[in-house]
Amino acid sequence: MTTFPGWLSRALGLPGTASFLRFGPTVREAGTRVGVLPGQTAAEAFDQLRATTGAQPSLPLAELLALLRTAASQQLGLDPFDEQMVACCALVAGHAVEMDTGEGKTLVGALAAAAQVAAGRQVHVLSVNDYLAQRDAEWMRPFFAALGVSVSWIGQRTSHAERQRAYRCDIVYAPVGEVGFDVLRDRFAVEDAERVSPVFDVAIVDEADAVMIDEALVPLVLAGSSETAADDFAEATLLVEDLEPDCDYGVDGDGATVTLTDRGLDRLEARLGGVNLYAAENIETLTRINLALHAFVLVRRDVDYLVIDGTLKLVNTGRGRIAQLQRWPDGLHAAIEAKERLVITPPGIVLDTITVQDLLLTYRTLSGMSGTVIAVAEDLLEFYKLPAGRIERHRPNQRVDEPDRIVITHPVKITATIDEIRRRHGAGQPVLVGTQSVAESEALAKLLDEHGIVSRVLNAKNDADEAAIIARAGEHAAVTISTQMSGRGTDIRLGGIDETDRDRVVAGGGLAVIATGRYPSRRLDAQLRGRAARQGDPGASLAILSLDDELVRTNASAHMLSAIDRLQDSLPQRRRQQIVDTAQAIAESTRLDRHRATWAYNRAIAAQRSAVLKYRQRLLDTEFAVDALRELIPAQVARLEQHRSNETVATALRAVALYFVDDRWIDHLARLQEIRDGIHLRALIGEKPADEFHRIALREFHGFFNATNSAAAAFVDTLEPSDLGRGLEELGLRRPSATWTYMVTDDPLGSPGDRLAKELGKRWRTKILRIQ
């Protein structure tokens, strides 16, 4: 881990050492220098700084920080403390910073954004959802206005015209997915006026670990309407609902796959009229049945997804929120919709995709902040070349982290959790309970109600109200139940929102956070613990977990599971802790391996996309389309130009060339996805799947542009001069009549390749433990 601010001093050319107390004069000077001359407004002083810095390699940092500090104090009533100013400098230098909950990251991001604008940069402050983008932009608006800095925000409901205006501002607050969707929509524009044109200069990423690591490889998708009807999963769903577990199908040991037995297969074939489901003509039917069975047996309502207002909503398990505009791939989404008797939404055709990671790497300067950055510091260096460091708390941490309580079975865990909540609630201590799912939250709330304890449940079903609910979690004797990290970005103040009861809550020990299990990452555990003891407040944290928990049952080795089943309550606490820690380490390792593998696969696609975009831009900006087609069909181009103006001919040929580039790219993406779905099988014959994917992708892309030009030329050769000026659809070239965007969420149980990697990891670790 890099220590602040020694590296920071060097990066900014400032005097200082690795000790915060000896961090040169800059931050301390910023506390005393006003930065505004008598009779001068903050905006005038800011403009003067911008004019004097210009293209200079470094800013007059002390004066700038002083001005920002003054503006924040005057306009927001917030007086940035030294640690916040150091964090601001770190973001300006292009680093990731870890700051604990309640340390004021929103203000730090605004300070850093303004500092970048002073250097002539344009800034995107990227968040995880619309609510935070709007809240932070509006909250910080007076600060920016005092400096003469323009600010805007965008969300899912922002219109095209509003997006165009927003991206012209100095600072734009936006969910990272919305920026990605704008990139994809711009990608298919046929006129410059259709674009919103975001500028990829500076990005400051809030909740950097969630965005840059957890969602880094989530594909953002632009889809288009197609004439193909959605697959009919209704019959397949009715067929599998009558199957009997253990007789007609079996689930593997880690609950990752479900497989038809011979008996089950015979029953299905008989009900379908004696067909052979493995015959070539019935493969699509068998695929629908397998997906329907997977959806029926393994994908759980109120855990993996919700049904709200007649639509399927996926749950982001890393944040406990609804994963807006996300869907599962490969027919699984439709299978679950059929299971729930919902209207099946067709996926359409994929026009283009881009991962969050590729999007972020487009920015010239990238920085980020979160409460748990250090845990992924090596990942940020590996995937983004982004150094990370920690800013210590403004006040000492007073949270008491109690040892894990690990029991054997789930019922014992629930009893222990209820008892702990009752004890603390009875003493008037506010309690925040972090659960593993929506279903668990609701079940726990019902049990508490039976014991006479009223709780507030915060989960993906009411995420619109999450800020108001979580803000009250610090009230005297309050009990709040939350799915993982719902409400992130909202302070929990002891004694309530206005802190009227603060003294009584402080005397009772502050907020207590109780986790009902471990998450697949130690970082998520730390995020939950971090809700207690903000800015030097007292607080406590405790995890109560069982060896029946999904984390253990899914990731622990067969040797460990056997020891649990054999020894039961006699299993020593030390051994229980070792099993839980190992299961969590395996889950983390699997995630990292998957990130590396997917990143490797995406390199070929990203390079090819870049080449296609450059080619497409050349078609838009120059007469290249006419020149290329003139080489292939000179007589036809000459005939068209003889009867129509050169401008009319150029416009028509450009439109045709763009159509065939886009059409061929769509087909190429579909082909690469088919290859990617089965490439992990190459490992069975000793080949490296990622290397083979690159080789095949290169082969498939070979001759892409020549083929595109040939297809365009063949079409143009059929045109008459009177056809020029007509729309493409009139000529038979149909673009999608509607487009929409969404994020693809992987099968929550992982792909076969993921499960293979997980199993190999478990076997390796079991071998190590036995040797020890």
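This is a short chat about a predicted model of one protein chain.

User: What am I looking at, in terms of helices and strands?
Analyst: The protein chain has 30 helices and 24 strands; helices (H or I, at least four residues) and strands (E, at least two) are DSSP runs, numbered from the N terminus. The model is predicted, so local features need pLDDT of at least 70, side-chain atom pairs count only at pLDDT 80 or more, and totals for chains, interfaces and linings use all residues. Residues are numbered from 1 along each chain as its sequence is written, and side-chain values use heavy atoms, with hydrogens and water left out.

User: How many of the 772 residues count as buried, as a percentage?
Analyst: The figure is 54%. Buried means under 20% relative accessible area, with a 1.4 Å probe and protein chains only.

User: Is Ser370 buried or exposed?
Analyst: Ser370 counts as buried because its relative accessibility is 0%. Ser370 lies in strand S15, residues 365–370.

User: Switching to helices. At what angle do H6 and H7 cross?
Analyst: The axes of H6 (residues 105–118) and H7 (residues 130–146) cross at roughly 55° and come within 10 Å. Axes here are lines fitted to C-alpha atoms, for helices over the stretch in contact, and angles run from 0 to 180 degrees between N-to-C directions. H6 and H7 are therefore oblique to each other; angles under 35 degrees count as roughly parallel, over 145 as roughly antiparallel, 65 to 115 as roughly perpendicular and the rest as oblique.

User: Which residues of H6 meet H7?
Analyst: Thr106, Leu107, Ala110, Leu111 and Ala114 of H6 do, against Arg135, Asp136, Trp139, Met140, Phe143 and Phe144 of H7. Contact means heavy atoms within 4.5 Å.

User: How many residues of H6 are buried?
Analyst: 14 of its 14 residues are, so H6 is mostly covered. H6 is followed by Gly120, which has a positive phi near 85°.

User: And H17 with H18, what is the angle there?
Analyst: H17 (residues 410–426) and H18 (residues 438–450) pack at about 55°, with their axes 11 Å apart. That makes H17 oblique to H18.

User: Which residues of H17 and H18 make the contact?
Analyst: Lys413, Ile414, Thr417, Ile418 and Ile421 come from H17, and Glu440, Leu444, Leu447 and Leu448 from H18.

How values were computed
Buried means under 20% relative accessible area, exposed over 50%, partly exposed in between (1.4 Å probe, protein chains only).
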